[in-house]
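Open the model in your viewer and keep the selection panel at hand. Each stop says what to select and what is there.

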Amino acid sequence: GMNAAVRAVVRMGIYVKAKVYFVYEGYQGMVDGGDNIVEVSWESVSSILQVGGTVIGSARCKSFRTREGRLQAAFNLVQRGITNLCVIGGDGSLTGANLFREEWSGLLEELAREGKIDEDAVKKYAYLNIVGMVGSIDNDFCGTDMTIGTDSALHRIIEVVDAIMTTAQSHQRTFVLEVMGRHCGYLALVSALACGADWVFIPEYPPEEGWEDSMCVKLSENRARKKRLNIIIVAEGAIDCHNKPITSEKVKDLVVQRLGFDTRVTILGHVQRGGTPSAFDRILASRMGVEAVLALLEATPATPACVVSLSGNQAVRLPLMECVQMTQEVQKAMDEGRFVEAVRLRGRSFEKNLNTYKLLSHKKPDVELPKTNFNVAVLNVGAPAAGMNAAVRAAVRVGITEGHKMFAVIDGFEGFARGKIKEISWGDVGGWTGQGGSILGTKRTLPAKYLEKIADQMRTNNINALMVIGGFEAYLGLLELSAAREKYDEFCVPMVMVPATVSNNVPGSDFSIGADTALNTITDTCDRIKQSASGTKRRVFIIETMGGYCGYLANMGALAAGADAAYIFEEQFDIRELQANVEHLTEKMKTSIQRGLVLRNENCNENYTTDFIYQLYSEEGKGVFDCRKNVLGHMQQGGAPSPFDRNFGTKISAKAMQWISKKLKETYRKGKVFANTDDSVCLLGMRRRNLVFQPVAELKTETDFVHRIPKEQWWLKLRPLMKILAKYKTSYDVSDSGQLEHVAMHSPKEAETGAI
């Protein structure tokens, strides 16, 4: 994702009429100067979005740690008149940058004394501004929910785990997987959550004394339950409670000696740093890059050096040194054995992941489970979306832990009416996180025409609460069921909806389960299509995406794939706009970038169809470029869920189930559950920084029912971003850019962000 950040900084810089320079090879290049510091143009960053690593190189630099090295670096920058630095790196690089800024005026005075620069230069370049972006696959930087590169590293790990699972399944093997993370267990923890690993070892949360016994008991219990494989994930920096390392070999030897299981070790190593960046990382880095340029433009000598970061779904700026100090606090807490503190300092997102993992991976013995005598049903509604199964698994397991009897409904409301409902156990949902589509089966049918039959089924099976995982139909379904409460008492129970649809068109939530997987599919396909164009010069591709009337996939796909335009329903366009796009592409063909990419949402305009746009471009581009079209279709609904969707599905669903338990207790009176208020039918959605429960009745005013989309959509603010990065003259609304905040120490009771 670093290249996406580099591209965004360069293009936004040029857009605000700044001169932009590359410093090759990190601080080493800054110290060496010469050809390592070069001015760059718009085209310098073309075709790098899909490349892993960084095109400007990166190096650990000893000389920058010395004052002489920094003196030389300051000289090289002043010679080119550079006083704004954008640094992409981990806490080491950012701490170095801050020191450089603090010493800057002193360095210039020293250069003037040595006669290397004149007094005018000292005055003219008196201040150095710095803004940081955190690029680190470990996600080990405090204050930011997601660092650039983390999501891509998770993609690599999950690809490997999915592949290993099939072989382990065949051979009944145990696999010990070692993932990166010397000081931070984020990758290990999230990949364990995302693949349902049996055991995970991380530096922040060492296992209790006697873990060897409890782990072996757990593994043999799983085998006894007919589970054919065990996966154990070890972070490379894992330790026990005496600060002694726990290595993957040690874990393997233990399993072999105690249990005699056929056990293999796989060390993932640098695979995790490579590969093409995920859609999430490209969009994150593009947003951060633009935000970084804005932060530099607004910086004054009085403002502290800041990092741009993401909190939930909100861009924020935080003082660099506050973040660095807090990151170092975590290490200190771990060194001193204050592990509870270390987990808390890592932030809410990490803590929540850990709690969810503990909740879902270990089943308590039946005797220890509470018995509530409540029955809760789970169903999928709408079109399939990757991550639905992870959500069902989390719901079932949390429900069982809370003491309820869990029921699965097959084939949505239609199956419900036909009585396709069965009790589902802890073991039944094992291995579901990595499965695409919907194992329970899902239908778009709404409940209105089956109300009586569904009420019968709820009475027969004594269902006390409903959890619906699905898209816009699920939302409509809950509205219909709550309207039918007057007639049927059976529907007077707590009901909650978890949004799952590739279209991301559910009101009340910024994200829905499945959209990230679809976005990755679109981005991968666009990458391949762009590559095919590199052979034949001067070609424009028109690609149609799904989404109903919601332009999320087209717009975000365009941002992640570096497209020239995206046609969406939410932003009306006419023939003048189409003409402007054709002219823009004609101009582009005169440069060294001789290919174009245009995305079109399937319902963006009933007359300007994909065929129409294809024919228009073909005619207008005659002699300049030729055209091809692709309709992506149902491949966008399939595929194994991305790490984001597995994790988001798991966490949001677990939270929804806990809400159901709370509501059941509140509404249980005189031997029965009776809930008929608006706040007992809710949608759990992610809003900016928090996961919030919203009564579906209140969301009506926010919904355009004709086009099945929310009236206001957050991602439309990113439209100008896509246009600027594709060289259109447009105005960028900076009102939503981050203001400088302070790193908050989150108290455990605070609302949980949906950051993953």
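**Stop 1: a mixed sheet**

Select strands E3, E4, E9 and E10: they form an open sheet of four strands in the order E3-E4-E9-E10, with mixed pairing. Strand E3 (84-89) and strand E10 (314-319) stand at the edges. Each has a single partner strand, so one side of each is left without a neighbour in the sheet. From one strand to the next, the twist averages 30°. This is a predicted model.

Now zoom in on strand E4 (residues 129-134) and strand E9 (residues 306-311). They run parallel and are joined by three bridges. Pick Val131 in the viewer; opposite stands Cys306 in E9.

**Stop 2: a parallel sheet**

Select E5, E6, E7 and E8. This open sheet of four strands has the order E6-E7-E5-E8, and the pairing is parallel. Which strands stand at the edges? They are strand E6 (199-201) and strand E8 (263-267). Each has a single partner strand, so one side of each lacks a neighbour in the sheet. Neighbouring strands here are turned by 15° against each other on average, direction ignored.

Bring in the helices. Helix H7 (residues 186-195) packs on the sheet and touches E5, E6 and strand E7 (230-235). The direction of H7 makes about 165° with that of E7. Helix H8 (residues 211-224) lies across E5, E6 and E7 and runs at about 150° to E6.

**Stop 3: strand E5**

Select strand E5 (residues 174-179). E5 pairs with E8 in the parallel sense over five bridges. E5 and E7 also pair in the parallel sense, over six bridges. Step through the partners:

- Thr174 stands opposite Thr263 in E8.
- Val176 stands opposite Val265 in E8.
- Glu178 has Val234 as its bridge partner in E7.

Is E5 enclosed or open to the outside? Six of the six residues of E5 are buried, so E5 is largely enclosed by the rest of the structure. In a regular strand, side chains alternate between the two faces of the sheet.

**Stop 4: the nonpolar cores**

Select Ile233, Met467, Phe491 and Tyr552. These residues have the most contacts inside the largest nonpolar core, which has 171 residues. Helix H10 (residues 279-298) gives the most to this core, with 12 residues. Centre on Ile233 and show its contacts. Beyond four places in sequence, Ile233 touches residues including Leu177, Val179, Ala188, Trp199 and Phe201.

Another core, of 39 residues, lies apart from the largest one. Select Met30, Ile82, Leu111 and Leu128, which are among its residues.

**Stop 5: aromatic pairs**

The structure holds 22 aromatic pairs. Start with Phe22 and Tyr24, which pair edge-to-face: 5.7 Å centre to centre, 80° between the planes. Phe22 is buried, with a relative accessible area of 5%. Tyr24 is partly exposed, at 25%.

Move to Phe64 and Phe100. This pair is edge-to-face too, with 5.2 Å centre to centre and 65° between the planes. Phe64 lies in the loop between strand E2 (37-39) and helix H3 (67-79), and Phe100 in helix H4 (residues 91-113). The pair therefore ties together parts that are 36 residues apart in sequence. Phe64 is buried, with a relative accessible area of 4%. Phe100 is buried as well, at 0%.

Next, select Phe280, Phe511, Tyr552, Phe644, Phe648, Trp714 and Trp715. Ring pairs link these residues into a cluster.

**Stop 6: charges over rings**

Show Arg223 with Phe261. The charged end of Arg223 sits over the ring of Phe261, 4.4 Å from its centre. Then show Lys116 with Phe75. The charged end of Lys116 sits over the ring of Phe75, 5.8 Å from its centre.

**Stop 7: a buried asparagine**

Finish at Asn520, in helix H18 (residues 515-535). Asn520 is buried, with a relative accessible area of 9%. What does Asn520 contact, leaving aside its neighbours within four places in sequence? Select His155, Ser278, Ala279 and Ser642 to see those contacts.

Definitions and conventions. Residues numbered from 1 in each chain as written. Predicted model: local features only at pLDDT ≥ 70, side-chain atom pairs only at ≥ 80, totals over all residues. Heavy atoms only, no water. Phe/Tyr/Trp six-rings, centres within 6.5 Å; stacked < 30°, edge-to-face > 60°. Buried < 20%, exposed > 50% of the residue type's maximum accessible area, 1.4 Å probe, protein only. Helix = DSSP H or I, 4+ residues; strand = E, 2+ residues; numbered from the N terminus. Lys NZ or Arg CZ within 6 Å of the ring centre and 35° of its normal. Pairing = 2+ DSSP bridges. Axes fitted to C-alpha atoms, helices over the stretch in contact; angles between N-to-C directions. Contact = heavy atoms within 4.5 Å. Core = buried A, V, L, I, M, F, W, Y, C linked by side-chain atoms within 4.5 Å.
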